[in-house]
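Here's a quick look at how one fold is put together. Have the chain open in your viewer as you read.

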Amino acid sequence: SKNLSLVQIKKEEDKVRGKILIADDSLTTRVQIKRILELEGFEVELAYDGQDAYEKLINNNFQCLISDIEMPRMDGIQLVKKIKDSKWKSLPVILLTSLSSPEHVKAGLDAGAETYLIKSKFNRNDLLQIVKRYI
């Protein structure tokens, strides 16, 4: 029976590359990003805004957060600040947003995000390369 548990542990490790939380109020974006990441073997959980994302962080062990900025209840900047001011401060945060002005980029990075990606300019490979840098 000792060997059996080792086999199960190994299988778990093989299966999951890392757990990623996606926070975006757009269902289309959530589904698109989820699909990209799951095809690469990541486990993905979805949050529909910053508040939802923060609540999910409390009960889970994520290796990375991908978040939009413009969301109801708690926006991405508030979410990043809250995370970086908590016990999850080492959690890598990727902001993925349509806001492309230098002021927004600066605000996102100043809040503590590791990376700022602009939705209209990013592609699948950019995202995967960045995620794999952190996981």
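You're looking at a predicted model, where local features need pLDDT of at least 70, side-chain atom pairs count only at pLDDT 80 or more, and totals for chains, interfaces and linings use all residues. Residues are numbered from 1 along each chain as its sequence is written, and side-chain values use heavy atoms, with hydrogens and water left out.

Start with the sheet: it's open, with five strands in the order E2-E1-E3-E4-E5 and parallel pairing. Strands here are DSSP E runs of at least two residues, helices are H or I runs of at least four, and both are numbered from the N terminus; two strands pair if DSSP finds at least two bridges between them. E2 (43-47) and E5 (115-118) sit at the edges, each pairing on one side only. From one strand to the next, the twist averages 20°.

E1 (residues 19-23) and E2 pair in parallel over five bridges, and Leu21 stands opposite Glu45 in E2.

Angles run from 0 to 180 degrees between N-to-C directions, with axes fitted to C-alpha atoms, for helices over the stretch in contact.

| Helix | Strands touched | Angle between directions |
|---|---|---|
| H2 (residues 27-39) | E1, E2, E3 (64-67), E4 (93-97) | about 170° with E2 |
| H4 (residues 76-84) | E1, E3, E4 | about 175° with E4 |

Now, is Thr115 buried or exposed? Thr115, in strand E5, counts as buried because its relative accessible area is 11% (buried is under 20%, exposed over 50%, partly exposed in between, with a 1.4 Å probe and protein chains only). Not counting residues up to four places away in sequence, Thr115 touches Val93, Ile94, Leu95, Leu109, Ile130 and Tyr134.

Conventions
Contact = heavy atoms within 4.5 Å.
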